[in-house]
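These are my notebook entries on a structure that I had not examined before. I record what I looked up, entry by entry.

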Amino acid sequence: MDYKQFLQLFEDIFNSPAPSAPYDKPDYLQYTRLNHSRMKRWTKTLEPDPALLQALQRAGEKQHWIILVEPWCGDVAHTLPFLVKLAEQSPFVTYELQLRDSEPYLINSYLTNGGKSIPKLIARAEDGSDLFTWGPRPEAAQALMDRLKQEGADFETIKTELQNWYNADKGRSLQNELRQAVDSIRQQLQVA
């Protein structure tokens, strides 16, 4: 699916008189509403890093990005608009979105510390081999989450602190990490 189809999935969930699980639970439905709003805001305000766009052009190889997502996921709401915009602005990148909890269950081959954390970006070469993976969140956001969990923070505190972190970061960390990954591909191609 593409980004437009993913946004339509939100509308389908909201307009369903009896949404399917997990959206039949009020908390999940509320997270999904918040995420929809956040994605629309990011889509309007995000600024792709010109250095990352240049790195994608210099990489020397076309890439196909598979991005594993779900509408209820807060980290997806803060990163997916950036990933899609970057893919759409690069003539060397195509993308598709796959739901984590639907077939073909690609997430099972890309676990993070044994968990099915999303979003997960799988960047593939034209021959289908993996170039790199990224996710589920920028390293600094992960460090924040790990620290809060270690301190015993409750879910609401973690959620609020991560939201504040994403708002302050404005996608810079995500884009820096992607630029490093793309640059490493170019270096590997030069060595080979």
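**Entry 1: lysine 62.** I began with lysine 62, which lies in the loop between α3 (50–58) and β1 (63–69); helices (H or I, at least four residues) and strands (E, at least two) are DSSP runs, numbered from the N terminus. The model is predicted, and local features need pLDDT of at least 70, side-chain atom pairs count only at pLDDT 80 or more, and totals for chains, interfaces and linings use all residues. Residues are numbered from 1 along each chain as its sequence is written, and side-chain values use heavy atoms, with hydrogens and water left out.

I noted that lysine 62 has a relative accessible area of 43% and is therefore partly exposed (buried means under 20%, exposed over 50%, partly exposed in between, with a 1.4 Å probe and protein chains only). Setting aside residues up to four places away in sequence, I found lysine 62 touching Phe92, Arg124, Ala125, Glu126 and Leu131; contact means heavy atoms within 4.5 Å. Lysine 62 and arginine 124 are 62 residues apart along the chain, and their C-alpha atoms are separated by 8.5 Å.

**Entry 2: threonine 32.** Is threonine 32 buried or exposed? With 0% relative accessibility, threonine 32 counts as buried. I located threonine 32 in helix α2. Beyond its neighbours within four places in sequence, threonine 32 is in contact with Phe10, Phe14, Tyr23, Pro71 and Trp72.

**Entry 3: α1 with α2.** I then took up helix α1 (residues 3–15), whose axis comes within 11 Å of that of α2 and crosses it at roughly 145°. Axes are lines fitted to C-alpha atoms, for helices over the stretch in contact, and angles run from 0 to 180 degrees between N-to-C directions. The crossing of α1 past α2 is left-handed (the near helix is turned anticlockwise from the far one by less than a right angle; clockwise is right-handed). On the α1 side I listed Tyr3, Phe6, Leu7, Phe10, Glu11, Ile13 and Phe14, and on the α2 side Leu29, Thr32, Arg33, Asn35, His36, Met39 and Thr43.

**Entry 4: α2 with α4.** Helix α2 (residues 26–45) also meets helix α4 (residues 74–89); their axes come within 8 Å and cross at roughly 25°. The two helices, α2 and α4, are therefore roughly parallel (angles under 35 degrees; over 145 is roughly antiparallel, 65 to 115 roughly perpendicular and the rest oblique). I recorded the passage of α2 by α4 as a right-handed crossing.

**Entry 5: α4 with α6.** The axes of α4 and helix α6 (residues 155–169) come within 10 Å and cross at roughly 10°. The pair α4 and α6 is therefore roughly parallel as well. Here Asp75, His78 and Thr79 of α4 meet Gln163, Tyr166 and Asn167 of α6.

**Entry 6: the cores.** Which residues have the most contacts inside the largest nonpolar core? I found Phe6, Trp65, Ile67, Leu80, Phe132 and Leu178, in a core of 48 residues; such a core is a set of buried Ala, Val, Leu, Ile, Met, Phe, Trp, Tyr and Cys residues joined through side-chain atoms within 4.5 Å. Its largest share, eight residues, comes from α4. Another core, of eight residues, lies apart from it and includes Leu144, Met145, Leu162 and Tyr166. Finally, I looked up phenylalanine 6, whose contacts, not counting residues up to four places away in sequence, are Met1, Met39, Val69, Glu70, Pro71, Val76, Leu80, Leu97 and Leu99.
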